[in-house]
Structure formats: structure tokens, C-alpha cells
Amino acid sequence: MSGAGTKLGVGTHLRLDGETVEVVEFASLATGMEVVLKDGRDRLARMSLRELLTSDRAELIHDRAGPSSTDDEDLAAVVLNRLTKEEKEEVLERAEHVREMLTGYRSGSEDLPRPDEPRPQYAPGLPLKARYKAKAAELGVSARSTRRWAQAFREHGEAGLVPRAARANGGLSNADPRWVEAAEEVLNEYEEESRPSVKVVLEEVEARVKIKFKLVKVPVPPQTTAYRWMQ
């Protein structure tokens, strides 16, 4: 896949075999990470993350709001996958509202329009301030809130729209998402058998991090913190 330096996350748009699709979810399986893609007709397809990243069939679309190489938070999918179903649905619905404010399209792409889009009050030619006010009136919130959502989305993608209380759930709010991803993979591998001691699992997680992310330095938490996160 072309587009080195651009982050792949929930909300990223790309062209796959010439068709525009959107990343809507990541799934951590024992066999590795899978990505769920949605096309313009709301059809879903799954493929391995490794295949997507190495295939010549896919090309990232750079001119979209959402996750980018300047995001402070890595892998928004890991953050979203910690949420309950209801929390995730609320975040994804809010993300649609934000994309409509910023682009005129709830998908964030003119290549994936809904039948009524762009709606007049969110036409791309209107000033952003007017679109913020229109969305505030539609949802019954303040214009300040809609501006704050837009800023958070621009900085962190959909992960920026996760409420702080939900983000901190489980005590993992400060964990590096790459460490969490490796930990989930290791624990999933023990799902059908008895798990070894936490110490052994943490050693496997550290080794997995070094293998998966060998080109970057992922911070390893102190032992006491790692034990708490593992619980």
C-alpha cells in the first residue's frame, strides 16, 4: 500500500482495487490484526492488516480529516475496541456528525455520499463557524461543544471523541496502544488453555512488542504498572 508516513486508523479512507473504502474497525485475533472496510454501499469486507499494508491493491487517500502521522495517539482502533458496544456506537455516531461539519459528508468523503448529502446547512462552501452552529442546533448542544469535537477529531481521529471516563476505563488510559495490542494478542493465544503466571505473560508481551514494532521504540511500563494493566 502506498502512503508511507500516513497513519492507518478508524476513519481512514483509501482506494482498494480502484474503489473508495473506509476503515471502520480493527479486530485483534489470535492469527493477527484484521481490518474491516466499508464501501459506498455500506458493504463490509475483512482482510488481514498485513495484507492491506503490503498489497499493491490499496492506496491511502491523504486529503481526509481524521488520523494522520501527527496524531499523538497511535492506533485509534485499540482505544475504540476497549469501549462497550453502546459507547463505541455513540463515538462513531458523533464522528459522523463531525465529518459532516468538516466536509459536508458523514463519511468524510465526497466519494461516499449519502442520498441527502451534502445538506444545505453543511455545504462545503459555507464558513466552518456556520456549520458548527448548525450542528449545535441540530443536536441541542453548544457551538463551543461542536468546535471542541472538531478539534479533537482533527488531532486524534475518532479516538479523540471518546469520553474521558470511558477512555480511563480499566486503568489503561495511559498505556501505549502498541503495548496493549501485543498484550491482547498474547492473552488471546492462551484463551483455550490455562494461562501461565503474569510474569511469564509479561515477558512474552515484551518480546512480542520488540518483534511487531522493531522499527520504533515502544515504551515498556514499569513492572508494577504492567502487573496492574494485565489484571
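Visitor: What makes helix 7 count as mostly covered?

Guide: The model is a predicted one, in which local features need pLDDT of at least 70 and side-chain atom pairs count only at pLDDT 80 or more, while totals for chains, interfaces and linings use all residues. Residues are numbered from 1 along each chain as its sequence is written, and side-chain values use heavy atoms, with hydrogens and water left out. Buried means under 20% relative accessible area, exposed over 50%, and partly exposed in between, with a 1.4 Å probe and protein chains only. Ten of the 13 residues of helix 7 are buried, so this helix is mostly covered. The buried residues of helix 7 include Trp179, Val180, Ala182, Val186 and Leu187, and also the charged Arg178, Glu181 and Glu185.

Visitor: What makes a group of residues a nonpolar core, and which residues of the largest one touch the most other members?

Guide: A nonpolar core is a set of buried Ala, Val, Leu, Ile, Met, Phe, Trp, Tyr and Cys residues joined through side-chain atoms within 4.5 Å. The largest such core has 17 residues, of which Trp179, Val201, Val205, Val209 and Met230 touch the most other members. Helix 7 (177-189), helix 8 (198-212) and helix 9 (223-230) each give two or more residues to this core, and helix 7 gives the most, with six. Apart from this core lies another, of 14 residues, among them Leu16, Val23, Met33 and Leu60.

Visitor: Which residues does Val201 touch, leaving aside those up to four places away in sequence?

Guide: With contact meaning heavy atoms within 4.5 Å, Val201 touches Val186, Leu187, Pro196 and Met230.

Visitor: Why are helix 8 and helix 9 called roughly perpendicular?

Guide: Axes are lines fitted to C-alpha atoms, for helices over the stretch in contact, and angles run from 0 to 180 degrees between N-to-C directions. Angles under 35 degrees count as roughly parallel, over 145 as roughly antiparallel, 65 to 115 as roughly perpendicular and the rest as oblique. Helix 8 and helix 9 pack at an angle of about 100°, with their axes 11 Å apart, and they are therefore roughly perpendicular to each other. Their contact is made by Val198, Lys199, Val201, Leu202 and Val205 of helix 8 and by Ala226, Tyr227 and Met230 of helix 9.

Visitor: How do helix 3 and helix 5 lie to each other, and which residues make the contact?

Guide: Helix 3 (residues 85-103) and helix 5 (residues 143-156) pack at an angle of about 95°, with axes 10 Å apart, and are therefore also roughly perpendicular to each other. Arg94, Ala95, Val98, Arg99, Met101 and Leu102 of helix 3 meet Thr146, Trp149, Ala150, Phe153 and Arg154 of helix 5. These residues divide into seven nonpolar, one polar and three charged, where Ala, Val, Leu, Ile, Met, Phe, Trp, Tyr, Cys and Pro count as nonpolar, Asp, Glu, Lys and Arg as charged, and the others, Gly among them, as polar.

Visitor: Which peptide bond is cis, and what is its omega?

Guide: The cis peptide bond joins Glu117 and Pro118, with omega about -5°, and Pro118 lies in the loop between helix 3 and helix 4.

Terms used:
Helix = DSSP H or I, 4+ residues; strand = E, 2+ residues; numbered from the N terminus.
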